[in-house]
Amino acid sequence: MTEHVSAGFERGTDGPKVILAGVDGSESSLRAAAYAAGLARRQNALLALVYVQPVMPAGAAMGVPVAGTTAEIAEGIVAEIRESAERLKGIFEVRWQFHTFRGDPYAGLVSAAEELTADAVVVGASEQAGHRIIGSVAVRLVKAGRWPVTVVP
């Protein structure tokens with residue numbers, strides 16, 4: 001006689017339920033969002049689009065209203081995503097939500113993936129040359145080894 005033991009939550013047991021895409025307005029992040037939307041559509045998963053608002057140390061902004069600027073970026077991203085979703089309505093249907101987290105991009109995406117119980121994370125490749133040396137957010141997410149990570153060029 002075999003005893004049934006409940007393993008609790010397990011990612012991806014019946015296919016992904018939540019596919020998270022990190023967006024920051026860059027071309028590569030928007031390509032990542034489009035790729036993730038295709039995955040979510042084919043898997044009938046929820047697409048969680050996540051923008052991480054940077055938090056600057058006090059005084060670093062030197063009087064510049066950073067919070068307002070990052071909120072404007074988030075609003076611009078949402079407007080662009082809504083516009084794209086409207087154009088595809090009736091052709092492709094994707095369930096999606098937009099979330100804003102605060103912090104550095106890596107920590108924000110990790111928090112988002114944990115809180116939203118993401119089954120997979122999709123991000124754009126870094127467009128900054130220095131990241132080839134010190135490591136991009138994408139590389140750090142892959143090294144964390146907690147979710148399947150897709151890096152879209």
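Residues are numbered from 1 along each chain as its sequence is written, and side-chain values use heavy atoms, with hydrogens and water left out. In this predicted model, local features need pLDDT of at least 70 and side-chain atom pairs count only at pLDDT 80 or more, whereas totals for chains, interfaces and linings use all residues.

The structure holds one salt bridge, a term for a side-chain nitrogen of Lys or Arg within 4 Å of a carboxyl oxygen of Asp or Glu. It is formed by Glu114 and Arg146, whose closest N and O atoms are 1.9 Å apart. The pair links distant parts of the chain, 32 residues apart, with Glu114 in helix α3 (residues 105–115) and Arg146 in the loop between α5 (137–144) and β5 (149–152); helices (H or I, at least four residues) and strands (E, at least two) are DSSP runs, numbered from the N terminus. Glu114 has a relative accessible area of 39% and Arg146 one of 41%, so both count as partly exposed, that is, between buried (under 20%) and exposed (over 50%), with a 1.4 Å probe and protein chains only.

Among the buried residues of helix α1 are Leu30, Ala33, Ala37 and Ala40. Just after α1, Asn44 takes a positive phi of about 55°, and this residue, in the loop between α1 and β2 (46–53), is exposed at 60% relative accessibility. Thr117, in the loop between α3 and β4 (120–124), likewise has a positive phi, of about 50°, but is partly exposed at 29%.
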